[in-house]
Amino acid sequence: MVDRGASALSLPDDWPAHPDPILALNRMGSFDWDLDTGLFHMDAQAHEVFDLRPDEYDGHPTTLAIRVPPPEAYRLDGLVSKALKDGSENYGAYFRIRCRDGTLRWTHTQGYIRRDETGRPRRIIGIVRDATDELAESEERRERAAEDEARRQQTSVVQLTTAALAHARTVQDVIDVLKDTHGLSNLGATSLVMGLVEAGRIRLVAEGPAGSFVPGTLVTRIDEQYPMSEVVRTLSPRFIESPEEFADRYPILWPHITDLNITAAAYLPLIAQARPIGAIGLLYSDRGGFSTEDRNVLVALGSSIAQSLQRAMFYEQEKDLATGLQQAMLPRTIPSVPGADIAVRYRSGSLGRDIGGDWYDLIPLPGGRVGAVIGDVQGHDTHAAAVMGQLRIVLRAYAAEGHTPATVMARASVFLHELDTDRFATCLYAEADLSTGVVQVVRAGHIDPLIREPGGACRRVPVEGGLPLGLSAEFGRLEYPVGTIELDSDHTLLLCTDGLVEQPGVDLDDGMRTLTALIATGPDDVRDLADCLIDVAEERGGDDDVALLLLRRRVPDAPQSGGRLQQHVAPGDPEALTGARHMIRAAVRAWGAVDRADEVELVADELITNALMHTEGSAIVTLRVLTGSERRLRVEVEDSSSALPRRREAGESGVSGRGLLLVDLLTDVWGVEARGGGKAVWCEFVVPERL
């Protein structure tokens, strides 16, 4: 300590034989330092301050080294030298001396520099006094202030740690907060261990820093002689205040941690709802004990950690339950589809038990066709998931029965309406013929599909849609327009729910444009592309779920004889008949037979109508391309009646009887084949080779 405020001092003429009485009364000694000779004269009181007998001092400042420790001497020498050089008139300083009994005490000195007419310092006179009592009070105040500050810091650490733990959702989040290097140093600990109680044992879930793991402590019994086991058994904290105490109380553990130079440790039980869920240990290398305040703060910290852990454990349990329920509702496996690469992904965005009604499905259909479904039931709860599961099943059943896409969607809407639930669902159903690339799409309030080309270009495909499932039945608007997409080889059809598109504050169209650009820059492989899109959804966060289905039509490994398309037409179902006509028109166009499209559609319509009118069952329509000496398009209509068709004269006013006449006139060849208990009427059209 340095005091620059020393005042001038005058010594009596008969000094040191007769010291200044005022100084003596105040137990101050005086000195006179002759800078020319280097002699440092002191009076009797100064000898007493330095705890020196007269015979122990020879008048030279170096002799004071027996009382002034080297660090203090260096500091004083520097102070005096600076005052002499910079023209100062005085200086002052606090320093310590070591008494003959080895104790240290504070001393204060004030010096006044006397210079000659040239400014050269010639003499220093001053005083020395015992400042122990004076500084003792100041030191005590500083120690109390330091303790208060340390206590405030510890309390602040608990508050900061508690605030950080408030954001922890999982057990790993809690561990990360506690193991964070900055957080560990804030706690003042050298290392940390934490274990959770599982089936009567303690499983170590966190230890740090690296290299502090003790072999054999990954799983320990509660009845073993380890500190964490003890605090779990007794539900009481353990504060270890010395290495000797640690070695004595825990001889099994101590030999393994001696390299950490541990001087103290605090082990705290983690108690939630009066039940121990684990324990945490904080080990220190720079403290020798714990005050009452320290212990209270650490116990409060343990309580905060326990609450966060319990919350995290509940969250993980609920999340596991929700995820399990969600996965049970989704298809367990996706079947391999010849001629296509398929990728499906699901990302849950909700918290806890809140799960969504998003789903996907892939339905193999006869004739090389496949149905792809994407949908989203309103709400984020178990009821939404349950409704989703039922909808997925009925959609699959209706599609497998052979209904047209429009009929599948209409019947699913009626089912949902009759389910006596207040939920509605958006859905998109795409039925693809992989041999021709013709895709029939029906949209019920869902977002449009997208198509990605091999080069990376991606476009949104607008599809006219109907009302969401459930609402269309409620309002009696069950008409679902069918859109047609031609999916060329190596093109990818992408179906997703709005969780991949919608963002807070972003328009849906802007979101679709952003998604389109993202898909365009993504990898070619459908699985890699699906992973990329889900990663983006994860980074974006949000509470909405994401379901994703990608279907890429593969280039055939070898030339095929031609395409094949088949559809089931039930009697009394005008929508099925309309759908069959639409399928025929789209297939003929996709196969490059546009010039004969009207003829093919007219003949096929006549054969289907005859099958429905003159038989009691349904009709199965099959279109295929035959290759050989010439390329032909073959239409077959199969029914369950064995009665052969016959040509009749219609007459001038007849409304029927011209069917087979039209078939004979418009086709290149036609005939009838027996099929089990029924028959198939077929006809062929010569069509040009496709360029």
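Trainee: Which residues form one aromatic cluster?

Mentor: Rings of Phe, Tyr and Trp (its six-membered ring) pair if their centres lie within 6.5 Å, and planes under 30 degrees apart count as stacked, over 60 as edge-to-face and the rest as tilted. In this structure F246, Y250, W254 and Y267 form one such cluster. Please keep in mind that this is a predicted model, in which local features need pLDDT of at least 70 and side-chain atom pairs count only at pLDDT 80 or more, while totals for chains, interfaces and linings use all residues. Residues are numbered from 1 along each chain as its sequence is written, and side-chain values use heavy atoms, with hydrogens and water left out.

Trainee: How many aromatic pairs does a search of the whole structure find?

Mentor: The search returns eight aromatic pairs. One of them joins F239 and F290 in a tilted arrangement, with 5.3 Å centre to centre and 50° between the planes. Helices (H or I, at least four residues) and strands (E, at least two) are DSSP runs, numbered from the N terminus. F239 lies in strand β9 (residues 238-240), whereas F290 lies in the loop between β11 (275-284) and α10 (292-329), so the pair ties together parts that are 51 residues apart in sequence.

Trainee: Are F239 and F290 buried or exposed?

Mentor: Buried means under 20% relative accessible area, exposed over 50%, and partly exposed in between (1.4 Å probe, protein chains only). By that criterion F239 and F290 are both buried, and the relative accessibility of F290 is 7%. F290 also pairs with Y284, this time edge-to-face, at 5.7 Å centre to centre and with 70° between the planes. Y284 has a relative accessible area of 1% and is therefore buried.

Trainee: What sits over the ring of Y284?

Mentor: A charge sits over a ring if NZ of Lys or CZ of Arg is within 6 Å of the ring centre and within 35 degrees of the ring normal. Here the charged end of R287 takes that position over the ring of Y284, 4.9 Å from its centre.

Trainee: With which residues is A306 in contact, leaving aside its neighbours within four places in sequence?

Mentor: Contact means heavy atoms within 4.5 Å. A306, which lies in helix α10, is in contact with L270, I271, A272 and I277 once those neighbours are left aside. A306 and L270 are 36 residues apart in sequence, yet their C-alpha atoms are 4.7 Å apart in space. A306 has 0% relative accessibility and so counts as buried.
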